[in-house]
Every structure is written in C-alpha cells, then in structure tokens.
Amino acid sequence: GAAAAGTAQRGGGEVLSAVRGARGTDERDVVASLVSLSWGLAVLRAKLPPALSSLLLSEVRALFPSLAVDGGRALPIIAWSLARLGLRPSRAWLSDFERHIASSADRFPAGQCFSNAVWALSNWHADPGPSWLDAFVRASARHVPSMAPGELAALCQGLADLRASPPRAWSSLCLEAFHRQLPSAPPELSAAMIWSASRLVLAGGDTDGPPPPPDPKWLRLYRPLLLDLSSALLASLPSLPAPVLVDVAVALADLRVHPGARWLREHDMACNASVAQLTAYQVNLLENAYAAMEVLRG
C-alpha cells in the first residue's frame, strides 16, 4: 500500500546513494543492486520525488555499459522498471539506451528481454527508427517459439505502437506461438494480439489512410487462428474496456475476418453498455468496422 511505497522511496534513496558510492567496486554487485532497486520500486508502484527520479535515471545511464554485459539481461529489466515507475528519460538518454540494446540484442538470453525493452520504448513514445526495429525483430526471432503469451503480446503490441514493419513470416510466427498457448492466455492478451496482428501484418501502407488488405494466401492460412482468438474473447466481451472493444473490431475488419453473427451481437451489446466511454471518433471507427464486416458476411 501507500506505507510500503513510502518506505520503498526512503529505502530506494538510501540504496541509490550506496550504489553511487560503490563506483569502482565490483560492478556486478553494483548492477545487481540497481536492478533489485528499480524492479522493487516498480512492483510497488512507488511515486518517486523528482530529485530521486533524476538521480535514478542518471545512475542507470552511467552504468549502461555494465548493464549490457552478461547477455544484457539487466538492461531491459531496468528499462521496464523505469517505464512502469512513470519516469520519462531525455532524448539523449533514450539514444544511449537504444544503442546499448542494439549491441546486446543478439546476446539476449530470453524472449522476455525483447518484450521488456520494446514495452518500455513504446511507453516512452520513442522513435528508434526502421533500421533499429528491423535488427531488433531479427534478433528476437529465435526466441519467439518459446515466449509466453504475455511476452508475445507485449512484444507485438510494443512493436505495433512503434510502427514497426516486420517480415510477415515473423508476425505469423508470433501468431502461431500465441495460438498454441491460447487456452492459458487471458482474454485481454488475445485482444492485444488481434490488434497487433492487424498493425504488423498490414504494416507498410499509407499511415493516413486505411491499411491495405491482407495477402489472400496468408489470410487463408491464418484466418482460423484469428477466429480462435476472437472466439476466446466471446465470454469476456462485457468486461473488456470500451477502447479495447473498438480496437478488436477495427482490427478484425482490417484483417478481413468476420467473427460470426453471435460474436458481433455480443460485441455490439458490450459496446452499447459502455458507449459513454467512447469518443465520437471511436464510435465512427466502430460503425465503419461493423459496416466492413457486414460486407464480408455477404
């Protein structure tokens, strides 16, 4: 609670001072302390005062080279923690972070490193650029088959937010890996994967206009998987946030996937129950998505 978070803030300041004073000692111990500190504060959702936030960002940046050793696992963990704490790094800080991630990604020991790193960057509204994103996607591919549903959803949604344009084979691999674990995936993750699939598979079109239609061959192969993901949402539609309901409908329409009459009825009822949460723009998106899926049904 609030008391725990307050204690964490005070303790965090003390530990951070100790970390700062430990420069010149075994850097592995310094890195371990900084990882534990940032992760613990993030889990407690501590509200850090500005001075402590600035100090934490400064110390992390100074230790980037040390955080990137031993497979680079520490760097994405700290990035995830800082983003969860609501800290907003400078452009120069982000540039250094992106450079060290790029040099470490091929050595990341687990898929979670990729999902943590890209989740942080998307929360910071970063713009690492197409070349960086392409290299990041290539490095992640060998880990995709073993990633958990939450890691896959965070990775795909983060890359979609960053406007990545991965190879269709990579996006398909992610969809397949998630589908294999669908029975254990919470519905909100299925919703995130449907939205992400629409952005990643259809990437590369005019960003100001509607996305291009999916490749017909690809759609024949992956429509059954997308239908399974949408079916997994059916019972949970009334409990999903209204903006998520809109995102899912728009994504299915863009992917040219009709989820079935019953699904659309349940979805429409859920949207009507929470229409007060939607903007006029979202209502317009929803109406266009319904109209597009009506054409698909015909």
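Leu 225 is buried, with a relative accessible area of 14%, where buried means under 20% relative accessible area, exposed means over 50% and partly exposed lies in between, for a 1.4 Å probe and protein chains only. The model is a predicted one, in which local features need pLDDT of at least 70 and side-chain atom pairs count only at pLDDT 80 or more, while totals for chains, interfaces and linings use all residues. Residues are numbered from 1 along each chain as its sequence is written, and side-chain values use heavy atoms, with hydrogens and water left out.

Leu 225 is found in helix α12; helices here are DSSP runs of H or I with at least four residues, and strands are runs of E with at least two, numbered from the N terminus. Leaving aside neighbours within four places in sequence, Leu 225 is in contact with Leu 175, Glu 176 and His 179, contact meaning heavy atoms within 4.5 Å. Between Leu 225 and Glu 176 the C-alpha to C-alpha distance is 7.7 Å, although the two are 49 residues apart in sequence.

## The pairing of α10 and α12

The contacts of Leu 225 belong to the meeting of two helices, in which Arg 168, Ser 172, Leu 175, Glu 176, Phe 178 and His 179 of α10 face Trp 218, Tyr 222, Leu 225, Leu 226, Asp 228 and Leu 229 of α12. The residues of this contact divide into 7 nonpolar, 2 polar and 3 charged, with Ala, Val, Leu, Ile, Met, Phe, Trp, Tyr, Cys and Pro counted as nonpolar, Asp, Glu, Lys and Arg as charged, and the others, Gly among them, as polar.

The axes of α10 (residues 168-180) and α12 (residues 216-233) come within 10 Å and cross at roughly 35°; axes are lines fitted to C-alpha atoms, for helices over the stretch in contact, and angles run from 0 to 180 degrees between N-to-C directions. The crossing of α10 with α12 is left-handed, a term for a near helix turned anticlockwise from the far one by less than a right angle, clockwise being right-handed.

## Helix α13 and the residue after it

Helix α13 (residues 242-254) has 13 residues and reaches 19 Å from its first C-alpha to its last, close to the 18 Å expected at 1.5 Å a residue, the expected span being 1.5 Å times one less than the number of residues. Because 10 of its 13 residues are buried, α13 is largely enclosed by the rest of the structure. What covers these buried residues includes α11 (187-201), α12, α14 (261-273) and α15 (280-297).

Arg 256 follows α13 and is placed in the loop between α13 and α14. Although Arg 256 is not a glycine, its phi is positive, at about 60°, and at 30% relative accessibility Arg 256 counts as partly exposed.

## Other individual residues

His 125, in the loop between α7 (111-123) and α8 (130-140), likewise has a positive phi, of about 55°, without being a glycine; at 68% relative accessibility, His 125 counts as exposed.

Asp 96 is found in helix α6 (residues 91-104) and is buried, with a relative accessible area of 18%. Apart from neighbours within four places in sequence, Asp 96 is in contact with Arg 61 and Phe 64. Trp 39, in helix α2 (residues 27-43), is partly exposed, with a relative accessible area of 47%, and touches Ile 77, Trp 80 and Ser 81, not counting residues up to four places away in sequence.
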